Amino acid sequence: MRPFFFKRCYLSITLLILCLPSFTFGEESKQIDVFNEALTKLSAASMQERSAAVEQLAAIQEPRAIVVLQALLDGQLLKMRNDGKLVIGTNSETGYQINDAKTGQDLGLAESGNIQKITVNNSLRTALRKTIGRLELKASDAKVRISAVHAIAKAIDEEGLTLLRDRLPIENE
């Protein structure tokens, strides 16, 4: 009777171990879907949709989210006119040096006429600073956290003050 019990326990544990990665993968897949949905909203015409996209990006644990949010704040988030793809671009003499916003993959050069800037208004710019600061407060690099404190301080409000107070006992640098 005992060998059967141990075999059953062994099989149950083995199945559990084998299934755990699929649960993690399902969660990662959901995060990627939310990330892609938020990128689509960022290219929408409505500032309300862009604002909702910023909140979505802040809520997920996607490493590219901060990169995209910072590019939006810096005026470097661009939309390709031909296919609507979001890219992050830096101005060059011959157009823009662009990278895919989703993956970070280098896409080479694009002519200025093929690019449309994703614009932000003052309200969204303020929200972006706060959001980026909030996300960067959790960074492992002390310089990034200090930069986050400065970003939050630029538009300090009750929420930002609470965030900084909560972080103070944890901070050691």
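I started with the lining of the largest cavity: 3 nonpolar residues, 1 polar and 4 charged. Here Ala, Val, Leu, Ile, Met, Phe, Trp, Tyr, Cys and Pro count as nonpolar, Asp, Glu, Lys and Arg as charged, and the others, Gly among them, as polar. The model is predicted, with local features needing pLDDT of at least 70 and side-chain atom pairs pLDDT 80 or more, while totals for chains, interfaces and linings use all residues. Residues are numbered from 1 along each chain as its sequence is written, and side-chain values use heavy atoms, without hydrogens and water.

I listed the lining: Lys130, Arg134, Ile152, Ala155, Asp157, Glu159, Gly160 and Leu163. H6 gives the most, with 3 residues. Helices are DSSP runs of H or I, at least four residues, and strands are runs of E, at least two.

Next I looked up the nonpolar cores. A core is a set of buried Ala, Val, Leu, Ile, Met, Phe, Trp, Tyr and Cys residues joined through side-chain atoms within 4.5 Å. The largest has 25 residues, and Leu42, Leu57, Val68, Leu72, Leu77 and Leu128 have the most contacts inside it. H3 gives the largest share of this core, 6 residues. A second, separate core of 7 residues includes Tyr96, Ile98, Ala110 and Ile115.

Last, I checked serine 43. It lies in the loop between helix H1 (2–42) and helix H2 (47–59). Is serine 43 buried or exposed? It counts as buried because its relative accessibility is 18%; the cut-offs are under 20% for buried, over 50% for exposed and partly exposed in between, with a 1.4 Å probe and protein chains only.

Methods
1 Å grid on protein atoms, 1.4 Å probe; cavity = no way out; pocket = protein on both sides within 12 Å on 5 of 7 lines; lining within 4 Å.
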